[in-house]
Amino acid sequence: MRNDKKLVLIVDDEKDIREILAETLEGLDFEYMTACDGEEAMDCIKQHNDIIDVVICDLKMPKVSGDQVIAYGAKNYPLIPIIILTGFAQLDMALDHMRLGAFDYMTKPFRVKELLLLLNRALEMRQLQEDKIAYQNTLEIRVEEATQALHNQVVQTVSSFILAIEAKDRYTQGHSKRVAEYSTLMAKKLGLSEDEQANLLYAAQLHDIGKIGISEQLLNKPGKLNKVEYETIKTHPSKGVKILEPLDFLGHLLPAVEFHHEWFDGSGYPKGLAKDKIPFLARIIAVCDTFDAMTSERSYRKPLPLKIAIEEIKEGSATQFDPLVVTAFLEIFEETLEQQMLEKGAT
Ligand SMILES: [Fe+2]
């Protein structure tokens, strides 16, 4: 176990200097280690970097010189301060070495008072740097915790909203979940970033949240809707935005919710946006949403067979849907979706 004494590595090729320094340090209540050239110094730093507090290093030494020790220490163990010990004639060099990463310099012959002052400053600086690193680490942990808490909040909020939507409209039970599942496959197929994948998942789950604001009678009405009723249904994306707007942490999902009924050719609602004016996530949800609407039971009809539904999606390419998204959807359908759905009883 370490005691409270600080440990100084003395690096000098002159035995006398090493001995004087060692004796002085002992008198000042420091512990020490010695190295008689640069090579030994680097070995020693490598092996004992966890216990060395400060290095005092000569510049001119045979084999490996002091500048190499400084560069090695600054690169690999930047927390250990290195004090250069130099003859007056080498002062210019000493200043250059400080630029390389040495903490300060001291000329030979040194004075005890000066040595103590330098060591204390070096130790103080080291402590400050260690405190700074510890603070940064704590900060990083706190940011991570806050991000996780926010994420959990999103997940919980989204889950309660889904329950609320599905409680109203029995025909769309599981719809949000399925649209989210198809969207997740699409996100991977389209190579979205992890953040965008998560946004798409939440937006897909929430896309019909505005239906909370539409009467149950209308949502569950068997048979065709009249014009007024259809216009009322068409208000659900804007209603969804109104519901989610007060929740700042879901703000980034609003465009996908608001525009999931826009058509690629500009003939959709609520704004009649076209092509890349429609947010990309909304264009993905549009395909997944329509496909699920066709392949699940509605108040006015039975599920359509998969082949017919997929033909409808193909037909809608470039008019209702972004062709790029349709291509990706056809790929996931062929690769996994068709099989999965047939296994679950689709026709
Ligand atoms: Fe919708």
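In the predicted model, F329 is in contact with Y182, M186, V287, C288, F291, I310, I313 and L337, when residues up to four places away in sequence are left out of the count. F329 belongs to the largest nonpolar core, which comprises 46 residues, and together with F291 it touches the most other members of that core. Two or more residues of this core are contributed by each of the helices α5 (112-168), α6 (175-189), α7 (194-206), α10 (236-244), α11 (254-258), α12 (280-295), α13 (306-315) and α14 (323-343). Apart from this core lies another, of 24 residues, including A41, C44, M61 and V69. In soluble globular proteins, nonpolar side chains tend to be buried together.

The largest cavity holds about 30 Å³, and its lining consists of E262, W263, F264, I278, R283, A286, Q320, F321 and D322. Of these lining residues, five are nonpolar, three are charged and one is polar.

At the level of the whole protein chain, 14 helices and five strands are present. The radius of gyration is 35 Å, whereas the globule rule gives 20 Å for 347 residues; the protein chain is therefore more spread out than a compact globule. The C-alpha trace spans about 105 × 35 × 35 Å along its principal axes. Buried residues account for 44% of the 347 residues in the protein chain. Among the contacts with a separation of 6 or more, 66% are formed by residues 24 or more positions apart.

Terms used
Residues numbered from 1 in each chain as written. Predicted model: local features only at pLDDT ≥ 70, side-chain atom pairs only at ≥ 80, totals over all residues. Heavy atoms only, no water. Core = buried A, V, L, I, M, F, W, Y, C linked by side-chain atoms within 4.5 Å. Buried < 20%, exposed > 50% of the residue type's maximum accessible area, 1.4 Å probe, protein only. Helix = DSSP H or I, 4+ residues; strand = E, 2+ residues; numbered from the N terminus. Contact = heavy atoms within 4.5 Å. 1 Å grid on protein atoms, 1.4 Å probe; cavity = no way out; pocket = protein on both sides within 12 Å on 5 of 7 lines; lining within 4 Å. Points joined across faces, edges and corners; volume = space filled by probe spheres on them. Nonpolar A, V, L, I, M, F, W, Y, C, P; charged D, E, K, R; others polar. Rg over C-alpha atoms; globule rule 2.2 N^0.38 Å.
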